[in-house]
Structures are given as structure tokens and as C-alpha cells.
Amino acid sequence: MQTTDVLVIGAGIVGAACAHALVQAGLSVRIIDARLGGATAAGMGHLVVMDDNPAELALSKSSLDLWHAWAPQMDAGCAFTACGTLWLAANEEELQAAYAKRATLQAQGVACEMLDATALARAEPALRPGLAGALKVKGDSVVYAPRAAQWLLDQAVAHGKVVFEQAEATQINGHAVTLRDGSQRSAGAIVLASGIQAPQLCPGLPLRPKKGHLVITDRYPGTVHHQLVELGYITSAHHSDGTSVAFNVQPRPTGQLLIGSSREFDTTDPAVNNAVLARMLQRALGYLPGLADLNAIRTWTGFRAATPDSLPIIGPHPTHPHLWLAVGHEGLGVTTAPATAQLLAAQITGSTPPIDPMPYAAQRFAAQLLDSRGAA
């Protein structure tokens, strides 16, 4: 049986970041992934400081700091762009919410400023008239997540002992992972970072798929300059039932526009739902009327892995001493992968975590996870 210090299951952005952090900590790492794409390949790649609660803010801000530290070293294929985010206020009530958001972010040292209606129109002329203003978060960025994940893996290989194996893990048992061909790999610690597939290896994980749609246009450079998000996005993002849409448009370095967002529960059908897509695009047209004249070249869907409290599960499994979890990041996996990895690596090595690990601990779902004892 082939052994390393740590075995990471999943080579998406979270698994890749974990491998990178573990190698930086001096450990040998084996990464197992079936290369099926997953949420990293399907998502927007936004890097956004979110403040729905203190734990989300701590994890996302810590991660953004790391993304900006990495940015000068990343290759052009990662398409890192510090475009900033404009949180759009459609009316006076949302404008007051934007002021409150500014106060929260500034208290944590996040650079941001309010734009009144006139300044907003100057910053983004394509937006419809009549918006009340916006909060500009300067450090928010975008990245091409699949390439960024590969860059993290490449950096890990360059700095330490790393083995990548394209294979499907079918069972975790103590120190050992069984692959589809029946062979086994072992490690001192096993990190489960396989997104929505994770409950297949660890039954009892409280992960629920949240389906989302995205549309990308042809190239229209200069149409939009910042990532544009309606303030209602936060409410939509944390809906726990039903279907919701919100306006979210991201300018890509290619000049293309990436249009979101939608959320559907209780479906694992990857097919585009035309009714949901129509609602999403209608919402987008309400903010950017000129989208009606642009050519969309592709639509697709993906599945976010959501926990009941919308926070990821990061840290040791409560009943299996060799199993570590890095799952449940919902739509913030790309944003929060760096701090997730730093937090997990610190716990595995016994060093001081960069932020308080307790809000993300698996212990908060201990009752559900007890059901997984026969599988890990």
C-alpha cells in the first residue's frame, strides 16, 4: 500500500489549495481526483469579501488577502483581475443596507466606498438609470478557477513531495482509501475535499446540492468594468428552499460577460432549466438593459454543496481521528479556498490557526455525522 503524510480526495480549488498549504507545511501529499470537473469548473470564479455573518467575513477576508499575495506570481491563464465589486442599491432601503455593509467591512479593514447615483452612472454607464447608488469594494477580484486550481497544484509539486493520481475513491476506512480498481492508498491523514460528491464517501455529511445557471456572452470589451451584484443577492444566496434568482454580472478579461445567478434545490438534473434561465436573464435585463442586444454563446449549470447554516465544514471529523473535512463551501469555494486550506493545514500540523476554527467545525453537525461511522 502506497503511503504519504496526507491524502487529499478532490483536486478542485479547495482540494488544490489544501494540497498547496500542506506541502508548504512540509508534508508529503497524494491527491486523488477522477477529473470530472465539479463546481470549480462550473462556477464564476469570483473572489468576494462576504459579510453575512462574522465567520463568513473572517474566512473570505483572510482568503482575499492570500489571493492578492499570490496574484503577482500567477500565470496569465489564471486571468486574475482586480476589478472590484459594485453592490447595487436599487432604492433607498437598499442604499441604507449598503451603508451598513460599508461600516461592517471598514471595521475589518476592507477598503470600500459609497457611490451616489451620479458616480455610479459614471462608473458603469450601461446600468439602467434610477439606481440609488452602490457600495464599491475595491479589492474584490475574479479568477479563472480551473486554471487557478492547476496553478496551486503546480506550485505544490514545485515545492514538495506531491503525487497526483487520476482515480475515483470509493471508500474511506481508517488510514486507507480504496479506489475503483480495488487498490488502496494510505496516509496519516485523509482530507475529504470532493464537494457535492463527499457524502458518497462520508455518509451523514449534511450537504445539499444547490443548482445554478450561468450564461456567457461573446466579446464586448468595455461594456462592464466591475463585478455587478444587486444587494438582494445576499438574500437569494442563502435561500434554503425553492428557486431564486439575483443579478450578478462579471466582466471577464476576454471582454465577455458572465451572467448569473440562480439557485434551485431538490434537483440533481444538470440540464438547463429554461424557465429558471429566463427568470435569471429577465432579472439581469432589469439592471443592464443593453444585454438584450448582446450575443450569448453558452449556457450551463453546476451544483454548489450547501450546508444547513451556509458555512463550510472545515476540520477534523468528530468521530474519525484520521479524517479531515473541507466541504460545504456553497458558492464561495473559489473565494474561500486559501483560508480553508491554511486553517486545515494548521489543525493537521498542530500549529496556530490563522482564524478561529470553531465556527466551521464539523462538531456542529455531530448528530448527522455519527451515521458515517461505518464508512470511514
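The model is predicted, so local features need pLDDT of at least 70 and side-chain atom pairs count only at pLDDT 80 or more, while totals for chains, interfaces and linings use all residues. Residues are numbered from 1 along each chain as its sequence is written, and side-chain values use heavy atoms, with hydrogens and water left out.

The protein chain has 10 helices and 18 strands. Helices (H or I, at least four residues) and strands (E, at least two) are DSSP runs, numbered from the N terminus. The C-alpha atoms of the chain fill a box of roughly 65 × 40 × 40 Å, taken along the principal axes. The radius of gyration, taken over C-alpha atoms, is compared with a globule rule of 2.2 Å times the number of residues to the power 0.38. For 376 residues, a compact globule would have a value near 21 Å; the protein chain has 20 Å, which agrees. Buried residues make up 56% of the 376 residues. Here, buried means under 20% relative accessible area, exposed over 50%, and partly exposed in between (1.4 Å probe, protein chains only). Contact means heavy atoms within 4.5 Å. Among contacts with a separation of 6 or more, 75% join residues 24 or more positions apart.

Helix 8 spans residues 274-287 and has 14 residues. Its first and last C-alpha atoms are 20 Å apart, close to the 20 Å expected at 1.5 Å a residue. The expected span is 1.5 Å times one less than the number of residues. Val 276, Leu 277, Met 280, Ala 284 and Tyr 287 are buried in helix 8. These residues lie on the same side of helix 8 because they cover an arc of only 100° around the axis. The arc is that of the directions from the helix axis to the C-beta atoms. The face turned away from the buried side carries the exposed residues Asn 274, Ala 275 and Gln 282. At the start of helix 8, a side-chain oxygen of Asn 273 reaches to within 3.1 Å of the backbone nitrogen of Ala 275.

A search of the whole structure finds 0 disulfides. A disulfide is a pair of cysteine sulfur atoms within 2.5 Å. Cys 83 is in no disulfide; the nearest cysteine sulfur, that of Cys 78, is 15 Å away. Cys 83 is buried, with a relative accessible area of 12%. Cys 202 is likewise in no disulfide, and its nearest cysteine sulfur, that of Cys 18, is 15 Å away. Cys 202 is buried, at 0% relative accessible area.

Thr 340 lies in helix 9 (residues 333-349). Thr 340 is buried, with a relative accessible area of 0%. Leaving aside neighbours within four places in sequence, Thr 340 is in contact with Val 14, Leu 59, Ile 314, Ala 326 and His 329. His 20 is found in helix 1 (residues 13-24). At 7% relative accessibility, His 20 counts as buried. Not counting residues up to four places away in sequence, His 20 touches Trp 70, Leu 152, Gln 155 and Ala 156. Ala 97 sits in helix 4 (residues 92-107). Ala 97 counts as partly exposed, at 37% relative accessibility. The C-alpha atoms of Ala 97 and Leu 135 are separated by 9.6 Å, although the two are 38 residues apart along the chain.

Terms used:
A polar contact is a pair of N or O atoms within 3.5 Å; within protein, one must be able to donate a hydrogen and the other to accept it, and residues adjacent in sequence count only if both atoms are side-chain atoms.
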